Amino acid sequence: MPHGVTERMIRTYAPAIFELGLNIQRRKGDAVRKLDWAAIAAQRDGTGRTDAEIAERLGLAEEQVTFIRVVAERRVFRRDQYRKLFGLGAGKRYRAGDGLAAPGLPELDAEAMLVRQAMHFDPEQVAHFAAEGLWGGETLEGWVRARAKADPQRVALKAGSVSIDWQTLDRRVSHRAARLAEAGLERGRVASVEATAAPEAVVAWLAIARLGAVALLLPPGQAMLERRLCLAKARPQIDLTATPLADSDAEPPLILPRSGLASDPVALLVAEGGGEPKLALHTHQTLAAAARALAGALTIGSGDTITASGSLAQPPALLALLLALATGARLDLAGDTQSSWHLTAAGEAGVLGQARLVVVGPPSFESLPAGAIGLWGRPEALAIALGHPLVALPGMTLRQEGGVISARGACGFAGWLGEMPAAPVGPADGGWIAHG
């Protein structure tokens with residue numbers, strides 16, 4: 001299908017797109033005739049939205065929304081002429097072939113489509129996430145661009161004696177994206193990265209995201225057999241763990257390939273547990289939801305400093321990076337192997353003068369150090385619940401059956417790469433992620 005749309009994407013997004021479009025309109029009273037602007041704004045969703053507005057709401061491309069909407073409407077209305085009328089547009093005479101094709105997103109190759117086919121969300125959950133503002137059109141590298149424009153000289157990353165401001169980070173990401181494009185990395189394909197707690201790994205991932213590709217984040221020190229199995233399952237187009245690209249000060253091309261969308265896959269994380277490795281697929285939306293939920297719960301702002309340790313392939317350091325991107329807080333990369341991070345406040349942001357150690361682990365934190373906050377997070381969902389007893393973060397739902405705690409929600413992964421979902425849709429057991 002065109003524009004990287006799969007049949008599963010149509011099933012997932014069609015109900016929300018159909019409802020948000022002009023097909024179903026709900027408007028009370030006569031606010032338009034009375035020019036009651038407050039009432040009009042309050043009922044905006046009930047008057048139908050354009051494809052561009054729906055795309056922004058759901059994190060899709062406008063071309064994807066248009067394609068899915070037309071397919072959904074044709075299936076509902078069963079009018080064969082509807083497709084022709086849509087292609088014809090307003091004020092034109094019908095001529096065979098007119099208006100049926102328009103330039104859009106570059107086509108994805110077969111390998112990229114294998115990644116897309118692993119994605120599956122429950123349609124009702126997607127509609128809920130969009131309606132509640134849990135998902136939107138933000139992308140990780142879009143956050144970098146926004147920070148570089150709004151506060152270019154503020155320090156974004158620090159590692160040892162090296163400090164990188166937002167403007168420099170944005171420039172380095174563009175340079176690396178250009179080098180990756182020259183090396184052949186295409187939209188939707190996988191590139192593998194050894195996700196050390198170092199600026200180079202951050203730049204590499206954001207550059208991959210800027211090209212609309214997917215990063216396989218591999219933990220450093222991973223057993224060779226496990227790494228080979230991960231690479232065999234992900235089939236990266238470029239393996240940066242074997243042939244890293246050096247940074248370059250050369251200017252990138254004026255026009256880079258079109259960047260990724262919020263609904264696009266952006267990361268593959270190696271799940272915990274023995275046996276054959278499982279790769280959890282995340283989109284910009286699932287990772288952004290985790291960052292926003294945790295930032296709100298911990299009152300993190302742009303004046304805060306987050307010190308993270310461990311690998312960017314694991315929830316603690318990865319969450320710290322996402323929080324820095326989402327809030328503008330400074331990220332200090334400690335570079336050691338511990339799996340934790342702590343937050344210190346500066347200025348008026350956060351809790352002045354206090355440090356909070358956040359421990360990511362199992363949902364049982366009876367013996368935490370003083371002042372520490374326990375966070376339950378897994379590669380399948382980076383930010384699930386806080387504290388003891390557990391309190392679900394915004395957008396997440398907890399359940400307990402037979403002594404097993406499970407969770408699902410806006411932060412949850414899109415699926416396992418290379419594995420088909422359970423019928424009818426969604427990851428096994430309806431998308432619930434169990435502790436253990």
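Domain bounds here come from an automatic or database domain assignment. With those bounds, domain 1 covers 2–77 and domain 2 covers 111–434, and both give residues to the lining of the second largest cavity, so that cavity lies between them.

A word on the model before you start clicking. This is a predicted model, in which local features need pLDDT of at least 70 and side-chain atom pairs count only at pLDDT 80 or more, while totals for chains, interfaces and linings use all residues. Residues are numbered from 1 along each chain as its sequence is written, and side-chain values use heavy atoms, with hydrogens and water left out.

**The whole chain**

Start in cartoon view. The protein chain has 14 helices and 18 strands; these are DSSP runs, numbered from the N terminus, with helices being H or I of at least four residues and strands E of at least two. Of the 436 residues, 52% are buried (under 20% relative accessible area; exposed is over 50% and partly exposed in between, with a 1.4 Å probe and protein chains only). Take the contacts (heavy atoms within 4.5 Å) between residues at least 6 apart in sequence: 70% of them join residues at least 24 apart.

**Between the domains**

Rolling a probe the size of a water molecule over the atoms shows where empty space is left. The structure has three cavities of 30 Å³ or more. A cavity is a set of points, on a 1 Å grid over the protein atoms alone, where a 1.4 Å probe fits but cannot get out, and lining residues have an atom within 4 Å of a point. Grid points are joined across faces, edges and corners, and a volume is the space filled by probe spheres set on the points.

Select T6, R8, M9, T12, Y13, R116, M119, H120 and F121 to see the lining of the largest cavity, whose volume is about 60 Å³. Which helix gives the largest share of this lining? Helix α1 (residues 7–20) does, with four residues. By type, the lining has four nonpolar, three polar and two charged residues (nonpolar: Ala, Val, Leu, Ile, Met, Phe, Trp, Tyr, Cys and Pro; charged: Asp, Glu, Lys and Arg; polar: the others, Gly among them). Domain 1 and domain 2 both contribute to the lining of the largest cavity, so it lies between them.

Now switch to M9, Y13, Q64, R116, M119, S263 and D264, which line the second largest cavity. Its volume is about 40 Å³, and its lining divides into three nonpolar, two polar and two charged residues.

The structure holds three aromatic pairs, counted when rings of Phe, Tyr and Trp (its six-membered ring) have centres within 6.5 Å; planes under 30 degrees apart are stacked, over 60 edge-to-face and the rest tilted. In F121 and W135 the ring centres are 4.9 Å apart and the planes stand at 75 degrees, so this pair is edge-to-face. F121 sits in the loop between α7 (110–117) and α8 (123–131), and W135 in the loop between α8 and α9 (140–150), so the pair ties together parts 14 residues apart in sequence. F121 is buried at 9% relative accessibility, and W135 is buried at 4%.

**Two buried stops**

Go to P379, in the loop between β12 (373–378) and β13 (381–386). Buried or exposed? P379 is buried, with a relative accessible area of 0%. Leaving out residues up to four places away in sequence, P379 touches L269, V270, A271, E272, A280, H282 and P315.

Next, find S406 in strand β16 (residues 404–409), buried at 6% relative accessibility. With the neighbours up to four places away again left out, S406 touches W376, T397, L398, R399, W432, I433 and A434.

**Backbone details**

Most residues other than glycine have a negative phi, and most peptide bonds are trans. Zoom in on H388 and P389: the peptide bond from H388 to P389 is cis, with omega near 5 degrees. P389 is in the loop between β13 and β14 (391–392).

Then visit H3, in the segment before α1, with a positive phi near 65 degrees; H3 is buried, at 13% relative accessible area. Finish at T299, in the loop between α13 (284–298) and β8 (305–308). Phi of T299 is positive too, near 50 degrees, and T299 is partly exposed at 44% relative accessible area.

Key. 1 Å grid on protein atoms, 1.4 Å probe; cavity = no way out; pocket = protein on both sides within 12 Å on 5 of 7 lines; lining within 4 Å.
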